[in-house]
Amino acid sequence: MIIKILIFTGLIIGGYLLGNISFARLLSKLKHSDITKLGSGNPGTMNMTRNFGFRLGILTLVLDMLKAIIPCLIAYFLGLYVTPDIPVKILIFTTGLSVILGHMYPVFYKFQGGKGIACAMGVFAVAYPISLLIFLVFGLIVLLISRIGSLASLTVVTGATIIGIIYFTSFVEIILISIIYILLLIAHIENIIRLFKGTENKLVFKRKKQENKDDSSENV
């Protein structure tokens, strides 16, 4: 019992602290800038893409996904070899939820973080990678057609969440997945309202010498 408590505590605290790492802030500092003072101020993929280009945007996405993938993989192997009596997926989703909370509400940045999409993708990548890959393709198609980052991101996580709820039968697993999805929806409430109004901003890459415009549609 003590080992289980220590593992759960370690995964929760470790996941939250890892979530506090803001790669968008770190990468923007390499450009002698501060992403929180550009565009919407959101330290996420879309704002990075708009202000620093596609490469840094993708790098931010990948690093934020890895931020969730690594601790979730640790949870996976701990569940397999250390605490086999605890469902592996519960450990994965518990850890993933902690990372997402750390990303969205980082104590080291006065609880001002990103919107959690990339981290959620990282969690789903460990829990059910094939399903996530399918919805990533759908999300990319949506992005190419609409050029609306929030719509594409919400398409991916909504599809992955539905599959998770259908696939997993454990009540605890479904609750954890649902909590993750509700957190993402809350973070994107303004984006969702603009989507329904048809006023959501589209993705426009930064051009040289172009001034940064205020854009609050970032979502990752």
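In this predicted model, the side chains of Arg194 and Glu200 come together in a salt bridge, with 2.7 Å from N to O, and both of these residues are buried. Side chains of opposite charge can pair when their charged atoms come close. The count of salt bridges in the structure comes to three, and the other pairs can be followed in turn.

Lys4 forms a salt bridge with Asp85, whose closest N and O atoms are 2.4 Å apart. Because Lys4 belongs to helix α1 (residues 2-19) while Asp85 sits in the loop between α4 and α5 (88-104), this pair ties together parts that are 81 residues apart in sequence. Lys4 counts as partly exposed, since its relative accessibility is 27%. A further salt bridge joins the side chains of Lys67 and Asp64, at 3.4 Å from N to O; these two residues are three apart in helix α4, and so they are separated by about one helical turn. Lys67 and Asp64 are both buried.

Helix α4 (residues 54-81) also holds Ala75, which is buried, with a relative accessible area of 0%. Beyond residues up to four places away in sequence, Ala75 touches Leu11, Leu91, Ile92 and Thr95, and its C-alpha atom is separated by 9.9 Å from that of Gly10, which is 65 residues away along the chain.

Finally, Thr161 is found in helix α8 (residues 149-167) and is buried, with a relative accessible area of 3%. A polar atom of the Thr161 side chain lies 2.6 Å from the backbone oxygen of Val157, and, leaving aside neighbours within four places in sequence, Thr161 is in contact with Phe124, Tyr128, Ile177 and Tyr181.

Conventions: Residues are numbered from 1 along each chain as its sequence is written. This is a predicted model: local features need pLDDT of at least 70, side-chain atom pairs count only at pLDDT 80 or more; totals for chains, interfaces and linings use all residues. Side-chain values use heavy atoms; hydrogens and water are left out. Helices (H or I, at least four residues) and strands (E, at least two) are DSSP runs, numbered from the N terminus. Buried means under 20% relative accessible area, exposed over 50%, partly exposed in between (1.4 Å probe, protein chains only). Contact means heavy atoms within 4.5 Å. A polar contact is a pair of N or O atoms within 3.5 Å; within protein, one must be able to donate a hydrogen and the other to accept it, and residues adjacent in sequence count only if both atoms are side-chain atoms. A salt bridge is a side-chain nitrogen of Lys or Arg within 4 Å of a carboxyl oxygen of Asp or Glu.
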